[in-house]
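Here is a friendly tour to read alongside your model. Keep the 3D view open as you go through the points.

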Amino acid sequence: MASPTSETLKIWVFLILPLPVLVVLGYVVPTAGVLGWSFTLPEPGVQNYAAVLEAQRLQTVIWRTLRICLLTTVISVGLAYLIAYRWRFATPRGRQLIELVVLVSFWLSMLIRAFAWLVLLRGDGVINQTLLWLGLIEAPLPLVRNEFGAVLGMVHFMVPFAVLPMLNSFREVDDRVLNAARSLGATPGQVLRDIFFPLTLPGMAAASGIVFIFSLGSFVTPALLGGGRAVMLAEYIYLQMFQLSNWGMGATLAIVLMAMVVVTALIFGRLFGFKNIVGGLK
Amino acid sequence: MTAPFVKLDGLGKIYGRIAALDDVSLTIREGEFLTFLGPSGSGKSTTLMALAGFIDLNRGRVLLEGRDITGLPPEKRDFGVVFQGYALFPHMTVAQNVAYPLKIRRVAGAEADTRVREVLERVGLAAMADRPVARLSGGQQQRVALARALIFRPKMLLLDEPLSALDRRLRQEMQQELARLHRDFGTTFLFVTHDQEEALALSDRIVVFNQGRVEQIGTPQEVYDRPANRFVANFLGDMNLIPVRAEAREGDVTICLSGTRRLRVREEVAPGAQGWLALRPERMGLSETQPDGNALPATVTTITYQGTHLILQLEAEDGLALDARLAVTDPLAARLAAGMAVWCHWPEESGHVMTE
């Protein structure tokens, strides 16, 4: 008969086993497959990667993706900082209200949100019609089906992702530390600049990393609100694979996208520590 | 007549339905070491924070040298504050923490460096200047907080239970350090504590707080020996309370009656007044035969050995419980046993009558 310890060990192995199996089947095998396609389709060789480095059209897409993501990150994190700041100094009731508003937009399907923006922003949409009726503009403003629309929709989607990791680091700032600065002669503005901002910087960095990485893979929002004029990598991969049946190029760009995500994660990890990036999600 | 240094005039603060401060009035003298003493929730910290400018009062005024500063923001008051837990800036080094008040006041360069070095030397941290504050011990963090609050030569230093987080040995060391810094800087110190030993050891004067009110203001000797009421008497250590009625005056002595026993007190108490005769256990002597003067017969109930002295619990007439402290060197100490009948006695100047 087996001893109790080896019996326990067996149970543990049995309980933990599904995890590595899932990781291998769900991530490693498909990723290896995609990597394989990128070197073998339509014919074996590195011509797909050479095209990434040379083709103007591909570089435009990659730079546009980076530009939109950077813009989205800066704006979302900026807005999220204001929201988190407000939350930090709100009454318990006020905090609940802010959390509710952030979470409701977090829970709404991104399709619903994208269509809601379309209703507001398109040429015959609510905003343009109102401005025309008021006589403030003579022709509808191009608010959607361009980069502006894509960034707007992405910012809306990303703000909750930026707020949530920040709340933790904002909460950890001790009131007494802020009061100490006041008692030493600092005005509220100086307290924000010298004490509060430096202490919340790690939370802000974590939020930036998360938002940038999530933004890199955006598909639905830029596809709907960019209207083909703000094609980002994910949408371009979709086009290559499912419209043009160019599986090799699609796979190559998927690997490029993954490399961008990994590099970003490494940079943020090196600068601010992985614990901050991951810990921010708690 | 010049205006007092600081005057608190009828401060009131209500949280919900609870009065955290209820008509708190007192004056602070320039250069003194004043202690706010009381249990938690008694209003001592609230008063300090109101003085620092962190609490909006519902009533009352704070006057600094005759000027009303009630609504002035904390940064305009020029009071140094040492918070519970020290509240150091965790992202700065020791020197950066201490230099922060100078940075705000646009004192920079050589002068700032000199002042930082000088104040760190005075608190004994000169060698630690470039350490991050997170890597300091509790006592060292305490010194940084003190240096940071003293470097800009504040009008007054407010200390909110600064020693409560330290262990016993370090507390005693820091008590001496505080006394030395007070002498050294000559700044008015306002110290908040719930520890009566700390208050007695350090203060020029003590303000005793209870339930948002000031119970008594006086020197350590006054509040210890002549408590204004039963709360103060019991909060500052053990106290025997003997119910009495003032009978007659005889010069500067009042004769009180406890049951049938006549007890003399060297105080002026209005004849007919009911009250308590307060007597510290260490002021009471024991003897086997009835002595002259104030004496009550009692039976020893328990004896607790404390090394340098014995703590005795006794039962007097009508079930009155008394405590006594007897030095182990007292000839009687070796012969005492539970159940023994003794006489408790004390000189007429040791008792204090509270008529509240």
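**Helix packing, patches and salt bridges**

The crossing of α4(A) and α10(A) is right-handed, a term used when the near helix is turned clockwise from the far one by less than a right angle, with anticlockwise being left-handed. This is a predicted model, in which local features need pLDDT of at least 70, side-chain atom pairs count only at pLDDT 80 or more, and totals for chains, interfaces and linings use all residues. Residues are numbered from 1 along each chain as its sequence is written, chains are lettered from A and ligands numbered from 1 in the order in which they are written, and side-chain values use heavy atoms, leaving out hydrogens and water.

**Chain A: two packed helices**

- Helix α4 (residues 56-88) and helix α10 (residues 188-216) of chain A pack at an angle of about 140°, and their axes are 9 Å apart.
- Axes here are lines fitted to C-alpha atoms, for helices over the stretch in contact, and angles between N-to-C directions run from 0 to 180 degrees.
- α4(A) and α10(A) are therefore oblique to each other (under 35 degrees is roughly parallel, over 145 roughly antiparallel, 65 to 115 roughly perpendicular, and the rest oblique).
- Helices (H or I, at least four residues) and strands (E, at least two) are DSSP runs, numbered from the N terminus.

- A nonpolar surface patch of about 1,100 Å² has L9(A), V13(A), L19(A) and Y27(A) among its residues.
- Patch residues have over 30% relative accessible area and no salt bridge, with nonpolar side chains (Val, Leu, Ile, Met, Phe, Trp, Tyr) joined within 5 Å and like charges within 9 Å.
- L19(A), in helix α2 of chain A, counts as exposed at 59% relative accessibility (buried is under 20%, exposed over 50%, partly exposed in between, with a 1.4 Å probe and protein chains only).
- L41(A) and P42(A) are joined by a cis peptide bond with omega of about -5°, and P42(A) lies in the loop between α2 and α3 (47-54) of chain A.

**Chain B: overview and backbone**

- Chain B has eight helices and 20 strands, and buried residues make up 52% of its 356 residues.
- Most residues other than glycine have a negative phi, and most peptide bonds are trans.
- D78(B) has a positive phi of about 65° and is partly exposed, with a relative accessible area of 24%.
- R106(B) also has a positive phi, of about 55°, and counts as exposed at 74% relative accessibility.

**Salt bridges**

- The whole structure holds 31 salt bridges over all chains (a side-chain nitrogen of Lys or Arg within 4 Å of a carboxyl oxygen of Asp or Glu).
- R205(B) pairs with E32(B) in a salt bridge, with the closest N and O atoms 2.9 Å apart.
- R205(B) sits in strand β9 (residues 205-210) and E32(B) in the loop between β2 (18-28) and β3 (33-37) of chain B, so the pair ties together parts 173 residues apart in sequence.
- Both R205(B) and E32(B) are buried.
- R143(B) forms a salt bridge with E173(B), at 3.4 Å between the closest N and O atoms.
- R143(B) lies in helix α4 (residues 138-150) and E173(B) in helix α5 (residues 168-185) of chain B, so the pair ties together parts 30 residues apart in sequence.
- Salt bridges that share partners join E118(B), R122(B), R143(B), E173(B), E177(B), R180(B) and D184(B) into one network.

Conventions
Accessible areas come from the Shrake-Rupley method with a 1.4 Å probe; for residues, only the protein chains shown count as cover.
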